[in-house]
Amino acid sequence: MNEPAKLLWWQGRVVPAGDTALTLANHSLHYGLCVFEGISAFPSGDTDHHIFRLEEHLTRFAESCRLVGTALAQSPAELAAACHETLRANGLRRAYLRPIAFLGDGVLGLARPGAQAEVAVLAFDVSDFDELIRGQQPRLTLSPVARLSPGAFPTKAKVSAAYLNSRIAWMDAQRRGYDDALLLDDTGSVAECTVQNVFGVRGRTVVVPDSAAALDGITVASVAEIARDLGYEVARTRVSAQELLGCDALCVASTAGGVRPVRCVDDTEFDTGNPAVAELVRTYQQAEQGLLPGYETWVSAS
C-alpha cells in the first residue's frame, strides 16, 4: 500500500500525483501540522464502489482541523464528492483513501490561528490488503512509552505530529519481537495501540478502554454499536492493563486493518477462536461490505 494511485484530488480538481509542486519550504513538513484521515472503499455491484462511514470520517477530519487551528475551504459535501471522484478517476474499488489538510509554503513560525489549509485526497489500491494484513493476528507488548498527554497535545485530533509517539513505541515493540505496542496514558490506564484501538471481550461483555489520550476510533465505535445490537453489554470505561489482560479475548480495530483478534500481550495469550470475537468480526465485515441490514446509512454509494 506504499504507492498512491497516479491521480489525486488537489484543491478542487483531479491532477497527476506529481503535479502538486510542493517544496521543502512546506510549513507542515517543518512543524508536523498535517491533519489526515484513512477511509476504506469496497466494491459495490459489478462495477461500482461504496465508502464505509465516510460522513463520520469527514466529520472527524473537520474537527481535527479545528483542534489544531486550521480552516477548511471545502464543505463536507465537497470533500465527500472528492473522495468518490478520486476513486473513479483511478478506476479503484477496493481502496484506502487518505484526505490530508496541511499548510503550504511561505509560512515561517507557528502560523496564525485559523490559517486555511491546502487539501488533497490520495487513493491507494488495497485489493490484496485483506489477505495480507487482515488475516494477521498480532502479538502485542505493553509499551514503556506513554501515550501523549491530553494536557500537552490535542489527542483527539488525527494529526501527523502525534505519530512520532506511535513510531517510537512501535520501534521498541519491533526490536523486542512483537508486532505492535499497547500504550498506557499518563494516568496508567490503557489508551490504544500505535495506530489502532484495542478492546476486550469478557463473556458477553465488550470492554472498550475510555482514555482521553486515545483517538476516538470510528472502527471501534462501529463494533460497539454492532455489539449492542447483537445483545452484548458494552462497557466503555477506564481500564488498567491488568483488567484488560484479564479478558477472555482481545481485538485491535482500525480502518485499514479492520477488526482482528490478538494472539498475546507479552506472555499473556488469548483465545483467538473466541466465538464472540468471531461473531463481531464477521458482522463488522458484513457492515463494511454493505451487506448488513439496518446499517445502510454507514455506506456512501458512488
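Biologist: How do you know that strand β11 and β12 pair, and in which sense do they run?

Modeller: Two strands pair if DSSP finds at least two bridges between them. β11 (residues 180–184) and β12 have three bridges, so they meet that rule, and the sense is antiparallel. Leucine 182 has cysteine 193 in β12 as its bridge partner. The strands themselves are DSSP runs of E with at least two residues, while helices are runs of H or I with at least four, both numbered from the N terminus. This is a predicted model, in which local features need pLDDT of at least 70 and side-chain atom pairs count only at pLDDT 80 or more, while totals for chains, interfaces and linings use all residues. Residues are numbered from 1 along each chain as its sequence is written, and side-chain values use heavy atoms, leaving out hydrogens and water.

Biologist: What makes β12 and β19 edge strands?

Modeller: β12 (190–193) and β19 (268–269) each pair on one side only. They belong to an open sheet of five strands with mixed pairing, in the order β12-β11-β10-β18-β19.

Biologist: Which helix packs on that sheet, and which strands does it touch?

Modeller: Helix α5 (residues 163–175) touches β10 (139–142) and β11. Contact here means heavy atoms within 4.5 Å. The direction of α5 makes about 125° with that of β11.

Biologist: Why is α2 called oblique to α3?

Modeller: The axes of α2 (residues 54–67) and α3 (residues 76–90) cross at roughly 120° and come within 10 Å. That angle makes α2 oblique to α3: under 35 degrees would be roughly parallel, over 145 roughly antiparallel, 65 to 115 roughly perpendicular, and the rest is oblique. Axes are lines fitted to C-alpha atoms, for helices over the stretch in contact, with angles from 0 to 180 degrees between N-to-C directions.

Biologist: Which residues meet between α2 and α3, and of what kind are they?

Modeller: From α2 come Leu54, Leu58 and Phe61, and from α3 come Pro76, Leu79, Ala80, Cys83 and His84. Seven are nonpolar, one is polar and none is charged.

Biologist: Why is strand β5 described as largely enclosed?

Modeller: Four of the five residues of β5 (residues 48–52) are buried, so the rest of the structure largely encloses it. Buried means under 20% relative accessible area, exposed over 50%, and partly exposed in between (1.4 Å probe, protein chains only).

Biologist: Which strands pair with β5?

Modeller: β4 (residues 39–44) pairs antiparallel with β5 over four bridges, and phenylalanine 42 has histidine 50 as its partner in β5. The two strands form a hairpin with three residues between them, and glycine 45 in the turn has a positive phi of about 65°. β20 (residues 299–301) is antiparallel to β5, joined by three bridges, with serine 300 opposite isoleucine 51.

Biologist: What makes the phi of alanine 111 and of aspartate 266 worth a remark?

Modeller: Most residues other than glycine have a negative phi. Alanine 111 has a positive phi of about 75°, and aspartate 266 has one near 55°. Alanine 111 lies in the loop between β7 (95–102) and β8 (115–116), aspartate 266 in the loop between β18 (264–265) and β19. Alanine 111, at 27% relative accessible area, is partly exposed; aspartate 266, at 26%, is too.

Biologist: Is serine 28 buried or exposed, and how do you know?

Modeller: Serine 28 has 9% relative accessibility and therefore counts as buried. This residue sits in helix α1 (residues 27–31). Leaving aside neighbours within four places in sequence, serine 28 contacts Leu33, Cys34, Phe102 and Leu103.

How values were computed
Ala, Val, Leu, Ile, Met, Phe, Trp, Tyr, Cys and Pro count as nonpolar, Asp, Glu, Lys and Arg as charged, and the others, Gly among them, as polar.
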